[in-house]
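The following note sets out points for a colleague examining this model. Each point takes up one part of the structure and should be read beside the coordinates.

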Amino acid sequence: MHYHVLTLFPDMITQTMSHSITGRAQQKELLHLQVTDIRDFSQNKYHKVDDYPYGGGAGMVMEPEPVFLAYEYVCQQVEQEGRKKPKVLFMTPQGKTLTQNMVETYAKEEDLVFLCGHYEGIDERVLESIVDENVSIGDYVLTGGELPALVMMDAISRFVPGVLHNDVSAITDTFTGSLLEYPQYTRPVQWREKEVPPVLLSGHHQKIDQWRRQHSLLRTFTQRPDLFEKVEFTKADCKWMRTQPVFPVDLVNTIEQKLKKPKE
Ligand code: ADE
C-alpha cells in the first residue's frame with residue numbers, strides 16, 4: 001500500500017505513523033508513506049498558502065495552486081513508479097462518514113492520496129479538479145484533516161496483508177459481521193476480588209467459542225442496539241437468548257421467525 005498525504009503539518013503524519021504497527025509495517029515495506037508539504041509549492045517568497053475569502057467572512061482559505069502542484073507532484077511519482085492514477089480522498093466533516101466497509105474497500109487500492117485542509121477550507125475549484133471522494137470520520141469538527149487521515153491510514157493498514165501478525169484478527173474483530181468483540185482476560189486468574197470466567201480456563205475450545213459468541217451478542221445488544229439488527233443469528237443464539245432475561249421475548253420471536261423464512 002502506498003499512502004500519500006498532502007498537508008501543511010508533515011511532522012504530525014510522519015511521527016504518528018512511525019509508531020507501533022504502522023511503523024513496523026513501513027520498515028517491512030508493506031506500507032509506503034510519502035508526506036508532501038503543501039507549503040513547498042507556495043508561489044511566493046513568504047511561503048504563504050492561504051488568503052482571505054472572497055465575499056468576506058472569518059478565517060482564511062487555502063489557495064488552489066499550491067494544493068494542485070502538490071497533487072501533480074504526487075501523481076508524477078506514482079506514474080514514474082508504473083502505477084495507475086491514485087484515488088484522492090479529501091478529509092472533511094461534509095464527507096461520507098467512514099465505516100468498516102469503506103475501510104476494507106480502500107484497503108484494496110494500490111495508492112491513496114489524503115488531502116488535509118486547514119483554516120476555513122480549501123478553494124473549491126481545486127477540490128472539484130482533483131478530489132474523488134469526501135470522507136468524514138464522524139459528526140464533529142476538527143481543526144484540520146491530519147487526524148482524520150491518520151485514523152483512516154491506521155484502520156486501512158490493518159487490512160493490508162502482513163501488517164497484523166495474525167491475518168485472522170482483522171476479520172474476527174469488532175464490527176466484522178456486525179458483532180462487538182467479546183471481553184478479554186489475561187493473568188492473574190484472580191485480580192482484586194475479580195476472577196476470570198472459569199470456562200476460559202477450561203481448555204474446552206467449543207465451550208469457549210460458545211461463551212465468546214454469547215458475550216458478543218450480549219455486548220452488542222446492550223452497548224450498540226443499532227448494530228444488533230444486522231447480526232446474522234443462528235438457532236443456537238435464539239435458544240440461549242431465551243435463557244437471558246435482558247433479551248425481550250418478542251425480539252427473540254421476531255429473530256426466530258426471520259431465521260425460518262428462506263432468504264430471497
Ligand atoms: N476535518 C475537520 N473535521 C473533520 C472530520 N470530522 N472528518 C474529516 N475531516 C475533518
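A salt bridge is taken here as a side-chain nitrogen of Lys or Arg within 4 Å of a carboxyl oxygen of Asp or Glu. The structure under discussion is a predicted model, and every value below is computed from it.

1. Salt bridges at R83. By this rule the model has 11 salt bridges. R83 takes part in a salt bridge with E81, at 2.9 Å from N to O. The side chain of R83 also meets that of D111 in a salt bridge, at 2.7 Å from N to O. The second pair ties together parts that are 28 residues apart in sequence, because D111 lies in strand β6 whereas R83 lies in the loop between α3 (64-80) and β5.

2. The D237 and R213 pair. In the salt bridge between D237 and R213, the closest N and O atoms are 2.6 Å apart. This pair links distant parts of the chain: D237 belongs to helix α10 (residues 235-241) and R213 to helix α8 (residues 205-223), 24 residues apart. Are these two residues buried or partly exposed? D237 is buried, at 4% relative accessible area, while R213 is partly exposed, at 27%.

3. A charged network. Side chains of opposite charge can pair when their charged atoms come close. In this model, K84, K87, E109 and E133 are linked in a network of salt bridges.

4. The ligand site. A backbone N or O atom of Y140 lies 2.8 Å from a nitrogen atom of the ligand. For T92, a backbone N or O atom is placed 3.1 Å from a ligand nitrogen, and for G138 the corresponding distance from a backbone N or O atom to a nitrogen atom of the ligand is 3.2 Å. On its own the ligand has 260 Å² of accessible area, of which the protein covers 96%.

5. Y140 is placed in the loop between β7 (133-136) and α6 (146-157). Y140 counts as partly exposed because its relative accessibility is 43%, between the 20% and 50% limits. The C-alpha atoms of M12 and K235 are separated by 49 Å, the two residues being 223 residues apart along the chain.

6. The nonpolar core. The largest nonpolar core has 27 residues, and Y3, Y106, F114, M152 and I156 are those with the most contacts inside it. At least two residues of this core are supplied by each of β1 (2-7), α1 (10-17), β5 (87-97), α4 (100-106), β6 (111-116) and α6. The largest share, six residues, comes from α6.

7. Backbone geometry to check. The peptide bond from R187 to P188 is cis, with omega near 5 degrees. P188 is found in the loop between α7 (169-172) and β8 (190-191). Phi of E29 is near 60 degrees; E29 is located in the loop between α2 (20-27) and β2 (32-37) and is exposed, with a relative accessible area of 57%. Phi of R192 is near 45 degrees. R192 sits in the loop between β8 and β9 (194-195), and its relative accessibility of 66% places R192 among exposed residues.

Methods:
Residues numbered from 1 in each chain as written. Predicted model: local features only at pLDDT ≥ 70, side-chain atom pairs only at ≥ 80, totals over all residues. Heavy atoms only, no water. Helix = DSSP H or I, 4+ residues; strand = E, 2+ residues; numbered from the N terminus. Buried < 20%, exposed > 50% of the residue type's maximum accessible area, 1.4 Å probe, protein only. Polar contact = N/O pair within 3.5 Å; in protein donor to acceptor, adjacent residues only side chain to side chain. Areas by Shrake-Rupley, 256 points an atom, 1.4 Å probe, with all protein chains shown as cover. Core = buried A, V, L, I, M, F, W, Y, C linked by side-chain atoms within 4.5 Å.
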